[in-house]
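This briefing looks at how a protein chain holds its ligands, taking the surroundings of each in turn.

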Amino acid sequence: MCITYICTFFQMIQLHDLHFQAYLSSEEIQETVETLAANLVADYQDKNPIFIGVLNGAFMFLSDLLQHFNADCEVEFVKMKSYTGTTSTGEVKIQLDFPDVTNRHVIVVEDIVDTGNTLVKLDELLHAKNVKSLAYCSLFLKPEVYNKDIEINYVGMAIPNKFIVGYGLDYEGLGRNLPEIYQLKEV
Ligand code: IMP
Ligand code: MG
């Protein structure tokens with residue numbers, strides 16, 4: 001059974017069996033997204049880059065990001081899965097075929113980088129594709145957990161190592177539609 005309730009006073013929500021506390025407002029997120037878009041426009045104005053959104057989590061971020069990217073660009077998606085519940089399985093599975101990116105400027109768009117396992121897998125695949133340039137953009141980064149060498153060129157916000165939901169991010173399928181970010185409440 002899945003119960004979602006919102007208690008406006010404490011700004012708490014429940015998804016399945018877990019409780020989450022309000023962490024970032026929609027306004028704070030949008031401000032961050034607009035700053036990222038401005039930085040990307042400055043660097044890619046005349047390059048017609050391909051943005052590759054990593055599904056499912058990046059769908060909302062990518063949508064908002066591109067509405068502020070006022071220059072030519074194209075959009076593709078890949079689908080990856082590595083999380084079960086609130087922990088990374090360590091194994092990254094590709095669930096959607098890879099788009100053709102030969103000789104193009106590619107910007108991979110992630111909702112969040114945690115262990116970086118997904119990024120490593122994508123990096124391997126993309127380096128075999130003869131791209132013109134490759135950059136990574138993530139709305140959130142957990143620096144306490146990320147231990148890979150790949151540079152994340154555009155980071156919206158560094159956050160503590162706590163599980164979050166909302167704005168595309170889910171807990172067992174729920175929470176992606178929330179416009180705010182909520183953080184797991186410790187018991
Ligand atoms: P990584 O491979 O460990 O870097 O994690 C990649 C994916 O796991 C992210 O793109 C998210 O989809 C998911 N993920 C990581 N941390 C969280 C979190 O705090 N909440 C929800 N999903 C997360
Ligand atoms: Mg993701």
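In this predicted model, ligand 1 is surrounded by 16 residues, of which Asp111, Thr115, Thr118, Lys142 and Ile164 are the closest. Sorted by class, that shell consists of six nonpolar, five polar and five charged residues.

- The side chain of Thr118 places an N or O atom 2.6 Å from an oxygen atom of ligand 1.

**Cover and secondary structure around ligand 1**

- On its own, ligand 1 has 490 Å² of accessible area, and the protein covers 93% of this.
- Two or more residues of the shell are given by each of strand E5 (74-84), strand E7 (105-113) and helix H3 (117-127), and E7 provides the largest share, with four residues.

**The magnesium ion**

- Ligand 2 is a magnesium ion, coordinated by Glu110 through OE and by Asp111 through OD, at 2.5 to 2.8 Å.
- Glu110 has a relative accessible area of 6% and therefore counts as buried, the cut-off being under 20%.

Terms used: Residues are numbered from 1 along each chain as its sequence is written. Chains are lettered from A and ligands numbered from 1 in the order in which they are written. This is a predicted model: local features need pLDDT of at least 70, side-chain atom pairs count only at pLDDT 80 or more; totals for chains, interfaces and linings use all residues. Side-chain values use heavy atoms; hydrogens and water are left out. A residue is near a molecule or strand if one of its heavy atoms lies within 4 Å of it. A polar contact is a pair of N or O atoms within 3.5 Å; within protein, one must be able to donate a hydrogen and the other to accept it, and residues adjacent in sequence count only if both atoms are side-chain atoms. Accessible areas come from the Shrake-Rupley method with a 1.4 Å probe; for residues, only the protein chains shown count as cover. Ala, Val, Leu, Ile, Met, Phe, Trp, Tyr, Cys and Pro count as nonpolar, Asp, Glu, Lys and Arg as charged, and the others, Gly among them, as polar. Donors are N, O and S atoms within 2.8 Å of the metal (3.2 Å for Na, K and Ca); water is not among the atoms, so sites may look incomplete. Buried means under 20% relative accessible area, exposed over 50%, partly exposed in between (1.4 Å probe, protein chains only).
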